[in-house]
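Subject: The structure we talked about

Hi there,

Here is the structure I promised to pass on to you. Please open it beside this email and follow along as you read.

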Amino acid sequence: NDAIAVGRKDGSVDALTIRLDRGIWDVHRTHRFIHHEIGTPVRALDFSHDGALLFSGGDDGAVYVMDVVARGGGADGGSSSSSSSHLVGFVIGGHRGWVLDLKACPLGRRFATAGADKTVKIWDLGTRKNIHSFDDGHEGSIWGIGFSSDGKRLVSGG
């Protein structure tokens, strides 16, 4: 099975599994996360490279790190489709404005965010802290970022 995530304009995020079965796509929602402020669109999503974490960023300036690996089913203990607040690993409010992009580092210990506040931030998953901010170099919003495949370089564009 492959996983996809869908961010919605109402601030919710759906994590889904998809598989092709005899020419027919089977799509199943595994989790619905409703954590961003109601009515604030989710603009950025990425999975960690091991697929265990889902990162979401939106217009509320927050970044949520969610555990999408079901531990004994969904939040209700049985159903795998749930609105599960206990699946949130942590939340970061690191941008003054919209989070426009985010990427998990291939090395697995860090992730980066970019925002309408003209900053790129690198975060440590272990400490849950911002370990570096790039506050200059862009004259406007930063719409895209990406790590190199070895995780040693980061690019940004606005």
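Let's begin at Arg-128, which you will find in the loop between β10 and β11 (129–134). Please keep in mind that this is a predicted model. Arg-128 has a phi near 65 degrees, a positive value in a residue that is not glycine. Is Arg-128 buried, partly exposed or exposed? With a relative accessible area of 46%, Arg-128 is partly exposed.

Four strands make up an open sheet, in the order β8-β9-β10-β11, with antiparallel pairing. Which strands are at the edges? They are β8 (99–104) and β11, and each of them pairs on one side only. From one strand to the next, the twist averages 20 degrees. If the word "antiparallel" is new to you, here is some background: strands of a sheet pair through backbone hydrogen bonds, and they do this either in the parallel or in the antiparallel way. Between β8 and β9 there are five bridges, in the antiparallel sense. To see one of them on your screen, find Val-99, whose bridge partner in β9 is Gly-115.

**The aromatic rings**

How many aromatic pairs does the structure hold? There are two. As a reminder, a pair of aromatic rings is described by how far apart the centres are and by the angle of the planes.

Phe-111 in strand β9 and Trp-123 in strand β10 (residues 120–124) are twelve residues apart, and their pair links distant parts of the chain. How enclosed are these two residues? Phe-111 has a relative accessible area of 0% and is buried, and Trp-123, at 6%, is buried as well. Taken together, Phe-55, Phe-111 and Trp-123 form one aromatic cluster.

**Strand β5 and its neighbours**

With strand β4 (residues 42–47), β5 pairs in the antiparallel sense over five bridges. One place to look is Phe-47, whose bridge partner in β5 is Leu-54. The hairpin of β4 and β5 has five residues between the strands, and Gly-51 there takes a positive phi near 80 degrees.

With β6, β5 again pairs in the antiparallel sense over five bridges. Here you can look for Leu-53, which has Asp-67 in β6 as its bridge partner. These two strands form a hairpin with four residues between them, and in the turn Gly-61 has a positive phi of about 80 degrees.

Is Asp-59 buried or exposed? Its relative accessibility is 15%, so Asp-59 counts as buried. Which residues is Asp-59 in contact with, leaving aside its neighbours within four places in sequence? They are Thr-40, Pro-41, Arg-43, Gly-97 and Trp-98.

Two residues from that list are worth a second look. The side chain of Arg-43 is joined to the side chain of Asp-59 by a polar contact of 2.4 Å. Arg-43 also has its charged end over the ring of Trp-98, 4.0 Å from the ring's centre.

Enjoy exploring, and write back with any questions.

Best wishes

Terms used
Residues numbered from 1 in each chain as written. Predicted model: local features only at pLDDT ≥ 70, side-chain atom pairs only at ≥ 80, totals over all residues. Heavy atoms only, no water. Phe/Tyr/Trp six-rings, centres within 6.5 Å; stacked < 30°, edge-to-face > 60°. Buried < 20%, exposed > 50% of the residue type's maximum accessible area, 1.4 Å probe, protein only. Lys NZ or Arg CZ within 6 Å of the ring centre and 35° of its normal. Polar contact = N/O pair within 3.5 Å; in protein donor to acceptor, adjacent residues only side chain to side chain. Contact = heavy atoms within 4.5 Å. Pairing = 2+ DSSP bridges. Axes fitted to C-alpha atoms, helices over the stretch in contact; angles between N-to-C directions.
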